[in-house]
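Work through the exercises below with the sequence and the model at hand. Each task is followed by a solution in steps.

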Amino acid sequence: MASSGNFATLNPLVKYSTGTFSNGNLTYASGSDDGYTSTIGLNFKSYCEVRVDAINSNGGTIGFRGATDEDEYFDVVSFQENYQSGKIYHYKGSTNTAVSIANIGGTVSAGNIIMMAYDPATYKWWVGVNGTWRNSGDPANGTGFVFQGSATMFENMRSIHWGAWNGTHTHTLTFNFGQDSTFGGQETAGGNADGNGFGDFKYSVPTGFLATCSGNMVLSDDIDPAQTDDDYPQKQFNTVLYTGDASTNNPVTGLGFQPDMVWIKSRGTTNLYSNAIFDSSRGRAKIVFSDSDRDEDSSTSTQDLVSFDSDGFTVGTVYNSGSNINNDPIVAWCWKGAGGTTASNGSGSTTSTVQANTKAGFSIMTYTGTGSNATIGHGLSAKPDLIFTKRRSSNQTWGVYHSALGATKYLALNSNAAAGTDSAFWNDTEPTSTLISLGTEGRVNANSQTYVAYAWHNVEGYSKFGSYEGNADDDGPFVYTGFRPRMLWIKEADNADDWVVYDTARSTSNPVQKVLRYETYVAEFDGSGRAIDILSNGFKIRTSNNTINQSNTFVYGCFGDVPFKYNNTF
């Protein structure tokens, strides 16, 4: 693994940035009604400095904001540099309405250096000028903060970054995230996590706070590639490509681990087969199909998926999936569970059988419905952000929960329909760190019917399930994930549109535009109308195509290669 330690810059890919970037994207001259964010999300106690190079009579605002939404006013907490003597504002929602939170006094002038510190654990923010913290602030001791938010207040921010918006007030600012390209100051510990570099600032960094540097990003030891175990992202999820040979024994290797969930899709145009999903909890012979409501199928010992292997899997002759069509290009998306080991989970009102990989936030559940409101245990350590549920008999569509939509909404994996509202799916009750709530809908909880469910939760640096607002422009939204996605799917929530699936195995360079779809068996599509860029810290929409970028809400899910913490993303 390469060393870590890339310092943040401002991000020119964020669409609401209409001003001018320079100086390696550290200096920003504001435009009109625009904004900007840093390239690194603040999941650690972070410090930065901002030099005011030029300012008009009213000044602009700086602070922190969400990174994803297109509207320049969306969830900003900012310090008004000059206007009305240094007020703190919170802009929440997509309206140009500010709530004045506090007045910390004093204006700033060209040449002044603004200091900022942020603690994500307590949502506290400190502001200072020229070496003195306003409000008698003491970040090291957690006192004198100028603003304190909450998880509820920031629920729409997705991830928090240094940045702000300017309205009609203009300024030119130079940020120092630890590079100190122009400030000239003192070296302060808090740069590269591997010790090869330090943040360099004008003023002393408060004890416990760090430079805004990728090496300081917080990751779980369970998926950190720098750890000595074998649990890093490429050992939890991977995509593999292969060619079918129609034999009874075609080993697919190079995956890097033994998978417990294998999702196979033929890519060719000659023989069109459904998306086939296998898992080691139900056994290699059992298949459900993401693009169909049909019953679970069973194959013989030499058909479809023959075995789960230490470095991949083996496929046999085709029975009811496109797993081994002769000379056909095929993709498989694969997740690691618990090696096929299941356990009875009695945490809920209905007992489930669970295979959980708590390190990667992934669980496979099987259960029997009751027809009444119920709960089932999922075996994970955090609330699921995504749940796919399929009844295994009687031709029923899928039920999908996504945390960005909430428990009052549902999607169907085998349909392009917009998100629906129905309490009978999740009983209008959010999942918890132990339980999933089920209503009386037959697609998730019919009496005496058997089900399989797959659940995932966000894992910093590895998996992300969120949403973004489209802008119907070829210069589309940038979505911060904190890692380079290996596989990504996107689904519009407001209207009927495709489940669009990308991966960097099929598309090895930007723009990524080879598309498969979860809700249909059609062949792979390759075209600029679905183009995106896969980046080291997220993805950027490069088309105005309605499927992924009309002016509506889109939900997504993705799994990564290597976290953005590391400067070698492969």
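Helices (H or I, at least four residues) and strands (E, at least two) are DSSP runs, numbered from the N terminus. The model is a predicted one: local features need pLDDT of at least 70, side-chain atom pairs count only at pLDDT 80 or more, and totals for chains, interfaces and linings use all residues. Residues are numbered from 1 along each chain as its sequence is written, and side-chain values use heavy atoms, with hydrogens and water left out.

**Exercise 1. Backbone exceptions**

Task: Locate Asn 130 and Ser 136, each with a positive phi although neither is a glycine.

Solution. Step 1: As background, most residues other than glycine have a negative phi, and most peptide bonds are trans. Step 2: For Asn 130, phi is about 55°, and the residue is found in the loop between β10 (124-129) and β11 (132-133). Step 3: For Ser 136, phi is also about 55°; this residue is in the loop between β11 and β12 (147-148). Step 4: Buried means under 20% relative accessible area, exposed over 50%, and partly exposed in between (1.4 Å probe, protein chains only). Asn 130 has a relative accessible area of 34% and therefore counts as partly exposed, while Ser 136 has 67% and is therefore exposed.

**Exercise 2. Salt bridges**

Task: Trace the salt bridges of Arg 282.

Solution. Step 1: A salt bridge is a side-chain nitrogen of Lys or Arg within 4 Å of a carboxyl oxygen of Asp or Glu. By this rule there are 18 salt bridges. Step 2: One of them pairs Arg 282 with Asp 279, whose closest N and O atoms are 2.6 Å apart. Step 3: Asp 279 is buried because its relative accessibility is 0%, and Arg 282, at 10%, is buried too. Step 4: Arg 282 also bridges to Glu 296, with 2.8 Å between the closest N and O atoms. Step 5: Arg 282 sits in the loop between β21 (276-279) and β22 (286-289), and Glu 296 in the loop between β22 and β23 (297-298), so this pair ties together parts 14 residues apart in sequence. Both Arg 282 and Glu 296 are buried.

Task: Describe the salt bridge between Glu 524 and Arg 506, and the network that includes both residues.

Solution. Step 1: The N to O distance of this bridge is 2.9 Å. Step 2: Glu 524 lies in the loop between β41 (514-517) and β42 (525-526), whereas Arg 506 lies in the loop between β40 (499-503) and β41, so the pair ties together parts 18 residues apart in sequence. Step 3: Glu 524 and Arg 506 are both buried. Step 4: The network of salt bridges links Arg 267, Asp 503, Arg 506 and Glu 524.

**Exercise 3. Aromatic rings**

Task: Classify the ring pairs that Trp 335 forms with Phe 237 and Phe 362.

Solution. Step 1: Rings of Phe, Tyr and Trp (its six-membered ring) pair if their centres lie within 6.5 Å; planes under 30 degrees apart count as stacked, over 60 as edge-to-face and the rest as tilted. The whole structure has 32 aromatic pairs. Step 2: The centres of Phe 237 and Trp 335 are 5.0 Å apart and the planes lie at 50°, so this pair is tilted. Step 3: Phe 237 is in strand β18 (residues 237-243) and Trp 335 in strand β26 (residues 329-335), so the pair ties together parts 98 residues apart in sequence. Step 4: For Trp 335 and Phe 362 the centres are 6.5 Å apart and the planes at 35°, so this pair is tilted as well. Step 5: Phe 362 is in strand β29 (residues 362-368), 27 residues from Trp 335. Step 6: Trp 335 is buried, with a relative accessible area of 2%, and Phe 362 is buried at 1%.
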